[in-house]
Amino acid sequence: VELAAQDIRFDVPLADACYEDRQKLCANVPPGSARVIRCLQSQRDKLGVVCRATLMSEEMRFSENIDFQFPMKQACLKEMEEYCQDVPHGNARVIRCLQLKKDDKHFGKACRVEVERYEQESAKDYRLNFRLYNACKGDVGQLCKDACKLQDGEICGGKVLSCLSDNKASIKAEACRKEVTYLEKLEVNDFRMDMVLAEACRNDVSKFCSAVEPGEGRVHKCLREHAAQLAPQCRKEELHLEEKEAESVQMSVSLLKTCANERRLFCRGVLPGSARVFRCLASNMASADFGRPCEGMILQKLKRRDANWRLDPPLRKACMGDVDRLCSQEDSLRSDTGAVKKCMISEQTELSPGCQRELGRSLHMSFVVWQPKGLLTAPCDGDIQKYCLSQAPGTEVAPGAVSNCLAEIVDRMSRSGLPNRRRLLAAAKGAEQHQQQQQQQQQQ
């Protein structure tokens, strides 16, 4: 197999099936070093049915072992020795080892290029990813059997992985769930790893982000900065990825990097998932030890949550049924105007207790990071100016100062017997207490 993977002349089934295609498309490509195979891969859409199907079959076979990835193995000999010396070959274990280490500052450029090429090729079809394919066979059959028609060697273009990601809560095999999560992290890091999004955003990337180097979420950031100008399908896919990214700090490359010190200092015992680490960071922004770069990133993400309720996972989980019942029209617009949260506020007496609590928590955070003309807080700007800023100039600079001022005012008003305000205050306070209890449990 190792010889077949590097020279098509030793792969009889592939050589026979692709003889005519090779003469037509790769006649000037010398055999050896997997050059002919790569030539065929790069022109997959031009191959005959038999050649394309055989190529897919051989690629699936080669994906199992670094020894069958000749150019990558040659480029990564030093890295394999340094990082993966004790990792056994087979089951794509060495390949995964190299993937996990590729961002190390001592990792060679030539090896990184080959590893990233492998990642991009395997992202084209889940069958080309040995670990994902074997871990998720059962779940694909149960959850995503109609996501892609497996025929004639045609690639799925990321449809099956997208289906698995959308149905991750229903995945039964723990190994499959882990592989899907790992690939989601790759998608957040590099837009090219999400084949559905990359295809939908091809023109927009060329138009707005052609000078942006892929990696560390930079292209996604660029696309989001031009959200209003994106093609509808590109904007839809980018929003969908942003929702997944909001689920866990592990999915946000830029947040992990920017807030690494703050996470160690304030949230060491908080487990990732359900936006717990993000909540912890946001609740500690007022600390003198909280860095300005991290504060700026948290503020930006909180603004996005005000604009789109789906980017707040606990709120989305607690209020999905209420939104379907009371605010479905606003939600169907998928807008970034805060329309759904405004609807929930107007219908707050009709919300379920859990949704009221999460909405109270969410609104509390909106006032913690208050700025003039905020999507949800603008109606209070006059009162904030009159009762808070005029009494203590500079209050708006410190996170939490405005919310504390308003809390004191609302508390006084609640003692005057205004039931709706008292209910909102109770919801906000209850949400704060619930969040503190959760953080204490995670740290124990």
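Residues are numbered from 1 along each chain as its sequence is written, and side-chain values use heavy atoms, with hydrogens and water left out. Because the model is predicted, local features need pLDDT of at least 70 and side-chain atom pairs count only at pLDDT 80 or more, while totals for chains, interfaces and linings use all residues.

**Exercise 1.** Find how many disulfides the whole structure holds, and describe the one that joins C144 to C163.

*Solution.* Taking a disulfide as a pair of cysteine sulfur atoms within 2.5 Å, a search of the whole structure finds 14. One of them joins C144 to C163, with an S to S distance of 2.1 Å. The torsion about this S-S bond is about -90 degrees, so the disulfide of C144 and C163 is left-handed. C144 lies in the loop between α11 (137-143) and α12 (159-166), whereas C163 lies in helix α12, 19 residues apart; helices here are DSSP runs (H or I, at least four residues), numbered from the N terminus.

**Exercise 2.** Decide whether C144 is buried or exposed, and do likewise for C380.

*Solution.* Buried means under 20% relative accessible area, exposed over 50%, and partly exposed in between (1.4 Å probe, protein chains only). C144, at 3% relative accessibility, therefore counts as buried. C380, at 26%, counts as partly exposed.

**Exercise 3.** State the handedness of the link between C259 and C294.

*Solution.* The sulfur atoms of C259 and C294 are 2.1 Å apart and form a disulfide. With 105 degrees about the S-S bond, the link of C259 and C294 is right-handed.

Technical notes
Helices (H or I, at least four residues) and strands (E, at least two) are DSSP runs, numbered from the N terminus.
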